[in-house]
Amino acid sequence: MTERLLFPHERLPAVAETLRHEVRAFLREELAAGHFLPASDSWMNASPEFSRKLGRAGWLGMTWPRKYGGAERSSLERYVLTEELLSAGAPVGAHWISDRQTGPMLLRYGTEEQRLRFMPGIARGECFFAIGMSEPDAGSDLAAVRTRADRVDGGWRLNGRKIWSSFAHDAHCMIVLCRTSPKEDNRHAGLSQLLVELDSPGIQMRPILNLTGHHHFNEVVFDDVLVPDARVIGDIGGGWKQVVSELAYERSGPERFLSYYPVLASLLGPLAAQIGESDGPLTTAVGALVTQLATLRQMSLSVAGRLQLGASLEIEAAVVKDLGTRFERLLPEQARLIAAAAGIPLHEGEFGRLLAEAVLRAPSSTLRGGTNEILRGAIARGLGLR
């Protein structure tokens, strides 16, 4: 059995705390000006203008080299920025995928032409990417993808469908996981990643509305879409390895446990007078939520610090997502019970609005980014338990 599952304590440097004050001041100004309304699950809300403001502040692609539009700041500084944006319920969905995982993947596997072509635009908040992994018949089993790219002169002809592609309708590009050779005994062989510009001929975008009627999901259909060789990411046939490394960025961030933090924050204000320094059931219930939140934050922060050093942390990232998204499913219901016990109205004011959003959106927490059941299987294999 491996003993690699570790979460060493990580401390934030002073420069990160300085950045935190700068970000909070920016967010106070944006809120005071009415430029956004705090939301539950705010990384599923998008404002291209808000993303451009972050770009102008140097807060997108902030860990990347300057030659690609970055600021060469640390991953822990980026972590602080991310948790402040999520805690405030800011509309970060437009740039989310591009900043979180597209840029790091291009740095690791992309060509120099690809980096220079796309990364500066991402850092300015002017170029947005969507994820092209999930498919209608594949579920959480990425190795079962049917989207296929066939070799043609100068590139690849792409056919297939991708689903649950958040904000693909507003994105400029998508990185598509597809099969470029027939299935072998090794199901993970023969997969590749193509960078597809979404204004290419042959692409159809179909909106998918969630329970709230909100449109951020899409089904994207590729019908004989021509993708030039210059848009292959990494090696043909190396897609599985690349995707697995990409998922460490997708699964371990604070969005896996802070999505509904605005609900808790809006509850604590009216609740403060009742809990005070007492040891009653309300204090215990709130303390249980805060304790879980603090533990998950430290685990996620540990992964962020080690990713900065170039560590491979797919299993640790999966653990953070499993525990974090279970907490996200729990928080809205616990907040509702605590508010009811404290006599706080459930359908009024900011708390009522945020709670209503969270109750409708929380069921998706343990599904997106890979279902928790699939994650537990991956964790078990990584620990040598199966």
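A search of the whole structure, which is a predicted model, finds zero disulfides, a disulfide being a pair of cysteine sulfur atoms within 2.5 Å. Cys-127 is in no disulfide, and its nearest cysteine sulfur, that of Cys-173, is 4.6 Å away. Cys-173 is likewise in no disulfide. Cys-127 counts as buried at 9% relative accessibility, and Cys-173 does so at 2%; here buried means under 20% relative accessible area, exposed over 50% and partly exposed in between (1.4 Å probe, protein chains only).

Turning to the strands, S2 (residues 148–152) and S3 (residues 155–162) run antiparallel and are joined by five bridges. Strands are DSSP runs of E with at least two residues, numbered from the N terminus, and two of them pair if DSSP finds at least two bridges between them. S2 and S3 form a hairpin with two residues between them, and Gly-154 in the turn has a positive phi of about 80°. Val-152 stands opposite Gly-155 in S3.

Asn-218 lies in strand S7 (residues 215–228) and is buried, with a relative accessible area of 0%. A polar atom of its side chain lies 3.0 Å from the backbone oxygen of Ser-165. Beyond its neighbours within four places in sequence, Asn-218 is in contact (heavy atoms within 4.5 Å) with residues including Trp-164, Ser-165, Phe-167, His-169, Met-205 and Arg-206.

Residues are numbered from 1 along each chain as its sequence is written, and side-chain values use heavy atoms, with hydrogens and water left out. Local features need pLDDT of at least 70 and side-chain atom pairs count only at pLDDT 80 or more, whereas totals for chains, interfaces and linings use all residues.

Methods:
Helices (H or I, at least four residues) and strands (E, at least two) are DSSP runs, numbered from the N terminus. A polar contact is a pair of N or O atoms within 3.5 Å; within protein, one must be able to donate a hydrogen and the other to accept it, and residues adjacent in sequence count only if both atoms are side-chain atoms.
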